[in-house]
Amino acid sequence: MTGFETLAIHAGQEPDPTTGAVVPPLHLSSTFKQDGVGGLRGGYEYARSGNPTRQALEECLAALEGGSKAFAFASGLAAEDTLLRSVARPGTHVVLPNDAYGGSYRLIAGVLSNWGITHTSVDLSDLDAVRAAIRPETKVVWCETPTNPLLGIADIAALAGMAHDAGALLVVDNTFASPYLQQPLTLGADAVVHSTTKYLGGHSDVVGGALVVNDAELAEKVGYHQNAVGAIAGPFDSWLTLRGIKTLAVRMERHCDNAERIVEVLQNHAAVAAVRYPGLPGHPGHETAAKQMRRFGGMVAVQLVGGLGKALDVVSKTQVFTLAESLGGVESLIEHPGKMTHQSVAGSPLEVPDDLIRLSVGIENVDDLIGDLLQALG
C-alpha cells in the first residue's frame, strides 16, 4: 500500500482475524489476561501501556506521516508536553514561532518555564533570525506551518538543517495542514505533533493528540514518558479518530476548494483590510508552501476595516459559520482569536491583531458559506 487514501483506510486496520470485521474492534478492557506470569498475548497487559484500538490508530498515523512510530494521546497538548519532557531538561532552550498556537505558548512559557525551560519567540520565516535565536542550550526548534492563526509559512527542510547543525531537534505541529497536505518527516523534521481533534478526527466529536517520529531512540524515550505520565488516548477516542481519518483525503480536498473560493470573494470586499491565505501569490510564504504542501488548506485569516468592533460584529452575525473555538471539522467555524483561542498570549510578543477573525472553512455548499459571510460583513 502506497497511496495516501489507501493507507488512511487500511493501515493498521486489517480485518479482525476472529470475525472478519472490517472495522477495528473497540477494545474497552482495562486489563488483559496473561498466559502465566509475563505471558502476554500480543504484548498487552494493562491499557495505559497498550490497547489494540489505540495501536491501530498509531499504526495508521505512522503510515500517513511516513514515520516509524506514532503515539496517540488524550490531547494535542498532552502530546506536546510528553515530547518536551522526553527531550528537555532544566536549562533547555526552545525556539518558538512568534505567532505560535496560544496553547503551545502557554505550555512552554507558563508551565514548563517553572521546570527551567526557557524560550525565544522568532519569525520562523526569517532564517537569519532563527539562526541568531539558537543558543548552545537550544534542544528544540518548534515549528508550526501554517501557523495558528496568522497562517505564516516556514521552510521545514531549511529549519531541519539549521536545527541539526546546532544539535537540536525540529518539531513540527502539522495540525493545520494534516498529513494529507504535508509530511514534515519526509522534509527532515524529527517529530510531528497533531491535535487529532481537528482535521484528523474531522467531525468535532473527539479530543485527542498524536506524535509521530522516525528515530528509534526518540521513540523509546517518548514511549517511556507516555506510559509513565499516562496521557493516553482512550479506546473510544482512538476508534472515532480512525473513523474520521478514513475520509481525510476527500474532506481536505473539499476544505481547500471552499477556502479558495471564499478567499477570492473576500479579497475584493470593501470591509476587508487583508486576507491571509498561503495560496495567495502575494502571501510571503506562498512559494515555500507550494514547495512543501499538496494544497493550501482550509484555514483563512481575515483582517477587517473597522478594527475590533467590526471583527466582533461580524463573528456575531454569521449563521452558517458557527461562532466557536477549534477547527478542522466538517462544519464551518468562525472565531476572534484575540479574545478566544489566543487570549493566553495577550500582552506577549505573540499577541494577535484585534481586527483579525479566523475561519475554519468546512465542507458545506460553498455558495451558502459565501452568502453567509457577505451578509455578516454588511
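Modeller: Helices (H or I, at least four residues) and strands (E, at least two) are DSSP runs, numbered from the N terminus. The model is predicted, so to speak of a local feature requires pLDDT of at least 70 and side-chain atom pairs count only at pLDDT 80 or more, while totals for chains, interfaces and linings use all residues. Residues are numbered from 1 along each chain as its sequence is written, and side-chain values use heavy atoms, with hydrogens and water left out.

Colleague: Which residues in α3 and α8 meet?

Modeller: Contact means heavy atoms within 4.5 Å. From α3 come Thr 82, Leu 83, Arg 85, Ser 86 and Val 87, and these meet Leu 218, Lys 221, Val 222, His 225 and Gln 226 of α8.

Colleague: How should I read a nonpolar core, and how many residues has the largest nonpolar core here?

Modeller: In soluble globular proteins, nonpolar side chains tend to be buried together. A core is a set of buried Ala, Val, Leu, Ile, Met, Phe, Trp, Tyr and Cys residues joined through side-chain atoms within 4.5 Å, where buried means under 20% relative accessible area, exposed over 50%, and partly exposed in between (1.4 Å probe, protein chains only). The largest nonpolar core of this model has 65 residues, and Ile 262, Leu 266, Val 300, Ile 357 and Leu 359 are those with the most contacts inside it. Helix α10, residues 248–266, supplies the largest share of this core, namely eight residues.

Colleague: With which residues is Ile 262 in contact, leaving aside its neighbours within four places in sequence?

Modeller: With those neighbours set aside, Ile 262 is in contact with Phe 321, Leu 359, Val 361, Val 366, Leu 369, Ile 370 and Leu 373. There is also a second, separate core of 29 residues, which includes Val 94, Leu 107, Leu 211 and Val 222; that Val 222 is one of the α8 residues that meet α3.

Colleague: How many salt bridges does the structure hold?

Modeller: A salt bridge is a side-chain nitrogen of Lys or Arg within 4 Å of a carboxyl oxygen of Asp or Glu, and this structure holds 13 of them. In one of these, between Glu 253 and Arg 295, the closest N and O atoms are 2.5 Å apart. This pair links distant parts of the chain, 42 residues apart, with Glu 253 in helix α10 and Arg 295 in the loop between α11 (286–292) and β9 (299–304).

Colleague: Is Arg 295 buried or exposed?

Modeller: Arg 295 is buried, at a relative accessible area of 15%, whereas Glu 253, at 26%, counts as partly exposed. Arg 295 also meets Asp 257 in a salt bridge of 2.8 Å, N to O. Because Arg 295 lies in the loop between α11 and β9 and Asp 257 in helix α10, this pair ties together parts that are 38 residues apart in sequence. Asp 257 is partly exposed, with a relative accessible area of 35%, and a network of salt bridges links Glu 253, Asp 257, Glu 260 and Arg 295.

Colleague: Which residue forms a salt bridge with Arg 261?

Modeller: The partner is Asp 367, with the closest N and O atoms 3.1 Å apart. Asp 367 belongs to helix α13 (residues 366–377) and Arg 261 to helix α10, so parts that are 106 residues apart in sequence are tied together. Asp 367 is partly exposed at 47% relative accessibility, and Arg 261 is partly exposed at 36%.

Colleague: Turning to the backbone, where is Pro 146 found?

Modeller: Most residues other than glycine have a negative phi, and most peptide bonds are trans. Pro 149 is in the loop between β4 and α6, and a cis peptide bond, with omega about 10 degrees, joins it to Asn 148. Ser 178, although not a glycine, has a positive phi of about 75 degrees; it is found in helix α7 (residues 178–181) and is buried at 1%.
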